[in-house]
Amino acid sequence: MGLTRQYLRYGPAALFGLVASARGSAAFVRLRGERGRCVAVAACEHVFVWDLRKGEKVLILKGLKQEVSCLCPSPDGLHLAVGYEDGSIRVFSLLSGEANITFNGHKAAVTALQYDHLGGRLVSGSKDTDVIVWDVINESGLYRLRGHKDAVTQVLFVKEKNLLVTSGKDTLVKWWDLDTQHCFKTLVGHRTEVWGMALISEEKRLITGSADSELRVWDIAYIQEVKDPDEPESKKSKESSPGGEENTEDDETLELDEHPEERLVKCSKVGSIMREGRDRVVTLATDQTGKILACHGTDAVLEVFSVLSEEEVQKKLEKKMKKAKKKAKQNSEEEPEKSMELSLQEEIERVTKIRASSKIKSFDLLLSPKGELKIVLLLQNNIIESYNLDLSAQVPQAVRASKITIGGHRSDVRTLAFSSDNIAILSAAAESVKIWNRSTLQCIRTMDCEYALCSLFVPGDRQAIVGTKTGKLQLYDLASGSLMETLTAHDGAVWSIALSPDQRGFVTGGADKCVKFWEFELVKDESSVQKRLSMKHVRVLQLDEDVLCVRYSPNQKLLAVSLLDCTVKIFYVDTLKFFLSLYGHKLPVLCMDISYDGTLIATGSADRNVKIWGLDFGDCHRSLFAHDDSVMYLQFVAKSHLFFTAGKDSKIKQWDADKFEHIQTLEGHHQEVWCLALSPNGDYVVSASHDKSLRLWERTREPLVLEEEREMQREAEYEESVAKEEQPVVAGETQGETGLAGKKTIETIKAAERIMEAIELYREEMAKLTEHKAICKAVGKEVPFPVNPILRAYGNITPSAYVLEVFKKVKSSELEESLLVLPFSYVPDLLKLFNEYIHLGLEVELLCRALLFLLKIHFGQITSNHMLVTVIENLKKTTISRVSEARDVLGFNMAGLQYLKREIEAKDEVTFFADATDRFEEKKRKRKKKEKMVLAVL
């Protein structure tokens, strides 16, 4: 097949103009051992790590295609777990910036992530209502917990017990026992969605935030079972842990029998704390120590509370008692009773509220040992703000420490333009115009403007003109970054601006039904001797409808005007006489462009179609269904009949206007694309979207063949459909509260196929080997045996060793799902091979995991197969002996490590020094107190 026509592929070059995505979250991370300096934020599909002190990007954790939905740093500070919109989770190393582990289990966006206190397990909640617990060390899923009826909003591990607390939009808070993997308690005290929750007071209190202004506080009592060996079974005493209610044994037992769900935890509502915000809680969280609690709603105010520790509560009580006694003495009353209690508001004190410059989307807290609280806020309008709060002050006031804004616009970019030398990019939004250097992606100039809708570089690239929503034209000098002139051009919005091909002037179209022609002129400036550039209004073309877009033909003979009545009218420039009317679109034409030779005009409309017309007779060559939503922008590539369109469906597409072919789709934006601009040489495309990002696309030297492109598209569609298929089920199992953590993906299917291929190769090779032995026996001498090229590539290994190699290469997180789709006909061979491997002591842990899973899912078929009885018997013997060996080795190693730890402690006398310094600090504190008292007396 000969190549029809080759195109050059455009590929993503950069993402810029984005500080942080409002959809994701923010989290303090430790880089180079320093805490509180760097913050990780979601930035579309990537994660940016910003240095708050310098305001610089220090690390980019590159994502794939899906948008980031939440973040969670590991307790050791070395890793960051990132949840995505498609339900996948990736764990990045903050040292290398690489994603080491990928977990696939959720079918919808990940909404909550939490590590346990050691960092060995990770729990994730999702919009698909499932909660999954992952083993980070083994890089695999442990189990899936089902029970919520709507999206999960928060997940928390309980440190003391092996428990998990989850909240959801179904108004429920569920308690899960992870030993038995079931939900043993459900709190139903909420009328509306539970948007956030936090554990405080050493996990003896739970605070929940819902759609109203009260934060509900629940007391938690963990019930410990104490087994007395002398007592009979029925009289097991149960004691409540400190903080629980001290009932008599009999009462407790009776009560527990009445409420079986309270065998582990007692949860009772204590009261509420009122927030100042009237709307729903968006985020509710504590810092790592649990001393500070903060929350915010859908507004710009963050409320900070301090949670008193038990000692502080005790001190406060003593003070209260003293005051009460004093009062009683003065009023000569009886002394107050001993059992005074603090109110909830006194135990959880309101510290302050922080008003940010815009709506808050997420925050993180960090309490330094000196008592200073660092707060980072991720705002809706592409800003990160950080505040410092000195808690030791009499009236704590938050001080803004830094604000990262320069890297992007506050609102959506509505217009883009390229300079004539392909180096500078102009972007304008509702509040500012920014000039970017294309190669470094640095923002060179930022200038205030009104709501911008269209823009262009004045020939020479020293000035720029911006058309605004209020009908003004603003002329900027780029060298000084100043506004030189503002003219009122139209009575309505200036929707479009186009430079004349002779570069002496330009034309504007507005909502006042006028097309105005302008010329550049030099006028005398009062303030300086030199003349400055200005704009002179020359002619006007009055029309019957609002003008949405205007374009000149390259020879400057024709002017195309798109109107609100869904037509495009073409006029002669010199006489302004009507030439053609292009009608056929069902909705207004929002964008259009004329090719470099003036033969074609392409129009893009809100009806989702692009029409290609001939400019000589106004005939429609072809109508193309271009996007799944309005076509927002259209531009031809210089010196060609190829053009790009941008749509509200978040895609950018390239088309051939001669062949009417769709060439390629540039996917990257996550929301509506508002505009794009092509560089004059056609090498670069820059696009702006509602996701606040600007993206640069570069023309590569890689040829693009349409047939191959279509094939790749079909493959991608197939892979997507595989993920949406029904998950394979285990025979005889009913769907309960728990399930397998993984899900069927294209990777798990490929892994299963690789195992099948390896087993088939093993069968073939074993058959060849027996045949070879028979030949050797018949001939009476050794005949050379032909080695399989695959086995030779692996270094002349045996077929069984090759199967093990393939098995080892299956990702730990995909092992169970791969075995689940493996047909049973391959299982007997696998079991025989497992027996062989375990007997040799190879990969015992991995093989035992696979073996137990295979036995679980194919139990009926394996037990009814007489051929496998001996294999299973042998496996039983070898597995038990090998596993006990592995356990002994682990036990020995643990004992050795503990011995070494004790040795080191004894050698350095660490414990002794720690005590000594504590005593020294105490003395110092007392001395200072004395000095203060003396000074006060003096």
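Which residues in H9 meet which residues in H10? Val827, Leu830, Leu831, Phe834, Tyr837 and Ile838 in H9 meet Leu847, Ala850, Leu851 and Leu854 in H10, where contact means heavy atoms within 4.5 Å. This is a predicted model, in which local features need pLDDT of at least 70 and side-chain atom pairs count only at pLDDT 80 or more, while totals for chains, interfaces and linings use all residues. Residues are numbered from 1 along each chain as its sequence is written, and side-chain values use heavy atoms, with hydrogens and water left out. Helices (H or I, at least four residues) and strands (E, at least two) are DSSP runs numbered from the N terminus.

**H9 and H10**

- Helix H9 (residues 827-840) packs on H10 at an angle of about 145°, and their axes are 11 Å apart; axes are lines fitted to C-alpha atoms, for helices over the stretch in contact, and angles run from 0 to 180 degrees between N-to-C directions.
- The crossing of H9 and H10 is left-handed, a term for a near helix turned anticlockwise from the far one by less than a right angle (clockwise would be right-handed).
- The contact of H9 with H10 holds 10 nonpolar residues, no polar and no charged ones. Nonpolar covers Ala, Val, Leu, Ile, Met, Phe, Trp, Tyr, Cys and Pro, charged covers Asp, Glu, Lys and Arg, and the others, Gly among them, are polar.

**H10 and H12**

- Helix H10 (residues 844-857) and helix H12 (residues 869-908) have axes that come within 11 Å and cross at roughly 140°.
- H10 and H12 are therefore oblique to each other; angles under 35 degrees count as roughly parallel, over 145 as roughly antiparallel, 65 to 115 as roughly perpendicular and the rest as oblique.
- H10 and H12 cross in a left-handed way.
- From H10, Val844, Cys848, Leu851 and Leu855 meet Ile872, Leu875, Thr879, Arg882 and Val883 of H12.
- Seven nonpolar, one polar and one charged residues make up the contact of H10 with H12.

**H7 and H9**

- Helix H7 (residues 799-809) packs against H9 at about 95°, with the axes 11 Å apart.
- This angle makes H7 roughly perpendicular to H9.
- Ser800, Val803, Leu804 and Phe807 of H7 meet Leu830, Leu833, Phe834, Glu836 and Tyr837 of H9.
- The contact of H7 with H9 has seven nonpolar residues, one polar and one charged.

**Cavity**

- One cavity of 30 Å³ or more is found in a search of the whole structure. On a 1 Å grid over the protein atoms alone, a cavity is a set of points where a 1.4 Å probe fits but cannot get out, and lining residues have an atom within 4 Å of a point.
- The largest cavity has a volume of about 60 Å³, a volume being the space filled by probe spheres set on the points, which are joined across faces, edges and corners.
- Its lining consists of Thr102, Asn104, Gly742, Lys743, Thr745, Thr748, Ser813, Glu814 and Glu817.
- By class, the lining of the largest cavity has no nonpolar, six polar and three charged residues.

**Positive phi**

- Threonine 171, not a glycine, has a positive phi of about 70° and is found in the loop between strand S15 (163-168) and strand S16 (173-177).

Terms used
On a 1 Å grid over the protein atoms alone, a cavity is a set of points where a 1.4 Å probe fits but cannot get out, and a pocket is an open set with protein on both sides within 12 Å along at least five of seven lines; lining residues have an atom within 4 Å of a point.
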